[in-house]
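Try each task before you read its solution.

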Amino acid sequence: MALRTLAAPTRTEFGKGAARRTRRAGNIPAVVYGHGADPIHIAINNLGFLAIVREEGINAVISLDIDGEETTALVKSIAQNPLTREIEHVDFLIVKKGEKVEVEVPLVVEGNVASGAIFLIELDVLKVNADALSIPEDITISVEGMEAGSTITAGDVKLPEGVELADDPEQLLVNVTFEEIEDTTPDTGEEEAEAATEEAASEAAESTEE
């Protein structure tokens with residue numbers, strides 16, 4: 001599999017001020033670690049990185065050109081600003097061909113449940129062990145025809161060849177339940193209360209006149 005290459009020059013400045021300057025220049029502060037190597041602090045192009053993640057998913061494996069030396073690395077974590085959603089930092093894990101890594105793969109639910117039922121997604125990712133260079137972009141599970149009261153757990157999922165479950169097999173992923181029917185019956189309680197109040201007031205007025 002041909003890997004996308006991303007220039008990743010090393011950084012010599014650190015701290016919040018240096019990180020802000022890196023981001024203002026259109027880059028993202030990042031770190032590369034793994035296989036006993038000392039962490040390497042790098043900067044990667046923001047737009048280039050986003051393009052790779054959009055195309056290959058959050059578990060993208062990239063060839064990082066670190067000052068002229070190619071390093072194969074997995075996107076391990078992405079830190080985003082909770083308000084602006086701007087990427088503030090990326091962690092990369094060095095990987096080797098044939099090596100298995102533990103990753104969280106997004107789940108895609110497809111199909112229609114039985115009439116009168118709805119499905120609730122309890123967990124939208126599945127933790128698996130997969131070859132570093134063959135990580136599935138997502139895993140599809142079907143709810144086609146499932147009746148209310150049915151569930152799908154991690155152990156029920158059919159995984160791609162070479163991918164092993166790392167999650168608890170009993171972990172609930174999808175829960176099929178009865179569809180809630182909205183009560184359209186008019187609420188007469190308030191009207192009855194108002195009528196009772198008016199009747200009491202009328203009786204009190206008549207009593208006063210007598």
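**Exercise 1: a strand and its partner**

V128 has L165 as its bridge partner in β12. This is a predicted model, where local features need pLDDT of at least 70, side-chain atom pairs count only at pLDDT 80 or more, and totals for chains, interfaces and linings use all residues. Residues are numbered from 1 along each chain as its sequence is written, and side-chain values use heavy atoms, with hydrogens and water left out.

Task: find how β9 and β12 run and where β12 sits in its sheet.

Step 1. β9 and β12 are antiparallel, joined by 2 bridges (strands are DSSP E runs of at least two residues, numbered from the N terminus; two strands pair if DSSP finds at least two bridges between them).

Step 2. The open sheet has 4 strands in the order β10-β7-β9-β12, with mixed pairing. β10 and β12 (164-165) are its edge strands, each pairing on one side only.

**Exercise 2: the largest core**

Task: work out which residues touch the most other members of the largest nonpolar core, and why this core lies between the domains.

Step 1. L126 and I135 touch the most other members among its 26 residues (a nonpolar core is a set of buried Ala, Val, Leu, Ile, Met, Phe, Trp, Tyr and Cys residues joined through side-chain atoms within 4.5 Å; buried means under 20% relative accessible area with a 1.4 Å probe, protein chains only).

Step 2. β7 gives the most to this core, with 4 residues.

Step 3. Because domain 1 (5-95) and domain 2 (103-178) both give residues, this core lies between them (the bounds come from an automatic or database domain assignment).

Note on methods
Buried < 20%, exposed > 50% of the residue type's maximum accessible area, 1.4 Å probe, protein only.
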